[in-house]
Amino acid sequence: MQTRLTDLLQIKYPIIQAPMFLVSNVAMVTEAMKAGIAGCIPALNYRTLDELRDAIRVLKDNKTEGGSFGFNLIVNKSNVKYKGQLEVLCEEGCDFIITSLGSPEETINQAHKAGIKVFCDVTELKFAKKVEGLGADAVIAVNNEAGGHRGNLSPEALIKELKDNCDIPVISAGGVGRREDIDKMLSYGAEGVSVGSPFIASYEANVTNEYKQACVDYGAEDIVMTERISGTPCTVINTPYVQKIGTKSTWIENLLNKNRKLKKWVKMIRFSIGMKATEKAAKKATYKTVWVAGPSIEYTDAILPTREIINRLIGS
């Protein structure tokens with residue numbers, strides 16, 4: 001399973017434990033590194049820059065041969081902490097940064113000065129070519145089977161299009177819940193995979209047991225798209241509460257989104273509200289719970305240690 005991704009990050013297997021808001025943490029990534037893969041945490045999982053700095057230092061202390069760690073940065077205006085987070089990451093150091101939802105130009109420039117690789121989330125070729133031109137080290141190809149904010153193209157179509165038109169490695173995100181899925185993505189031309197949802201139901205995940213058990217009890221057919229979290233389509237488990245509130249933005253949001261001057265502020269407010277709701281769902285189960293997940297929970301049949309989930313993925 002040696003690919004350009006394993007060479008870039010000096011890992012044993014071409015797998016990135018995907019960054020998941022509130023789910024990913026130091027314990028999960030430490031286990032990922034021990035198992036020979038890369039692990040990534042959203043910088044937004046830390047309320048303060050000091051907490052982020054402490055997490056980096058713990059991961060550096062826990063770094064193992066054959067493992068790698070990084071952080072995800074939201075690089076648009078919705079993340080008011082972006083500048084400070086980037087500065088801390090470059091000061092302390094990590095193996096890689098994954099950028100999402102905005103232009104990665106500043107991140108690429110600053111991270112490369114600090115010797116940090118930068119991978120960029122993309123959903124289509126035009127964005128992949130743009131970030132390649134900016135100097136990205138790889139693209140994370142977010143397909144229509146990803147959890148959270150997903151793309152529109154199938155894994156096969158997206159991987160092949162990017163592979164045929166880009167020189168940098170393509171890492172597939174979405175639709176991987178078992179070893180057969182990894183082999184399939186690599187056969188399409190991917191250099192690695194980013195896997196998130198299967199790790200929600202891990203011992204180390206810092207979310208409620210109800211959230212973890214939901215990933216066991218529900219399957220691929222129970223995943224629906226909603227606009228009620230961040231204002232853009234996001235995959236969630238179709239619980240009775242989700243069915244009750246519906247999945248479309250409110251009429252007032254739709255109206256305000258048509259106003260060019262107000263649109264960005266509406267999105268920022270919706271993003272903030274949605275993140276707070278997601279945090280409540282992760283930390284406390286109520287009848288109003290909304291759980292983010294992707295269809296790859298289809299193969300989650302028990303709450304397991306992170307290491308065992310990885311062993312299943314690599315087929316050992």
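Author: A residue is buried when its relative accessible area is under 20%, exposed when it is over 50%, and partly exposed in between, using a 1.4 Å probe and protein chains only. Helices (H or I, at least four residues) and strands (E, at least two) are DSSP runs numbered from the N terminus. This is a predicted model, in which local features need pLDDT of at least 70 and side-chain atom pairs count only at pLDDT 80 or more, whereas totals for chains, interfaces and linings use all residues. Residues are numbered from 1 along each chain as its sequence is written, and side-chain values use heavy atoms, with hydrogens and water left out.

Reader: Then which residues of α6 are buried?

Author: In helix α6, residues 125-134, the buried ones are A128, V131 and E132. They lie on the same side of α6 because they cover an arc of only 105° around the axis, the arc being that of the directions from the helix axis to the C-beta atoms.

Reader: Why would residues spaced like that point the same way?

Author: An α-helix has 3.6 residues a turn, so residues three or four places apart point the same way.

Reader: And which exposed residues are on the face turned away?

Author: That face of α6 carries K126, K130 and G133. Just after the helix, G135 takes a positive phi of about 105°.

Reader: What covers the buried side of α6?

Author: The cover includes α5 (105-113), β5 (117-122), β6 (138-142) and α7 (155-165). Contact here means heavy atoms within 4.5 Å.

Reader: Turning to the strands, in what order do they close into a barrel?

Author: Eight strands close in the order β1-β2-β3-β4-β5-β6-β7-β8, with parallel pairing. From one strand to the next, the twist averages 25°. Two strands count as paired if DSSP finds at least two bridges between them. Axes are lines fitted to C-alpha atoms, for helices over the stretch in contact, and angles run from 0 to 180 degrees between N-to-C directions.

Reader: How many bridges join β3 and β4?

Author: Strand β3 (residues 68-74) and strand β4 (residues 96-100) are paired in parallel over five bridges. I74 has S100 in β4 as its bridge partner. Helix α3, residues 49-62, lies across β2 (38-42) and β3, and runs at about 160° to β3.

Reader: How many aromatic pairs are found in the whole structure?

Author: The search finds three. Rings of Phe, Tyr and Trp (its six-membered ring) pair if their centres lie within 6.5 Å; planes under 30 degrees apart are stacked, over 60 edge-to-face, and the rest tilted. F69 and F71 form an edge-to-face pair, because their ring centres are 6.4 Å apart and their planes are at 90°. F69 is buried at 3% relative accessible area, and F71 is buried at 0%.

Reader: What about F96 and F119?

Author: That pair is stacked, because the centres are 5.6 Å apart and the planes are at 25°. F96 lies in β4 and F119 in β5, so the pair ties together parts that are 23 residues apart in sequence. Both F96 and F119 are buried.

Reader: How many disulfides are there?

Author: The count is zero, where a disulfide is a pair of cysteine sulfur atoms within 2.5 Å. The closest cysteine sulfur to that of C40 is in C94, 8.2 Å away, which is too far for a bond. C40 is buried, with 0% relative accessible area.
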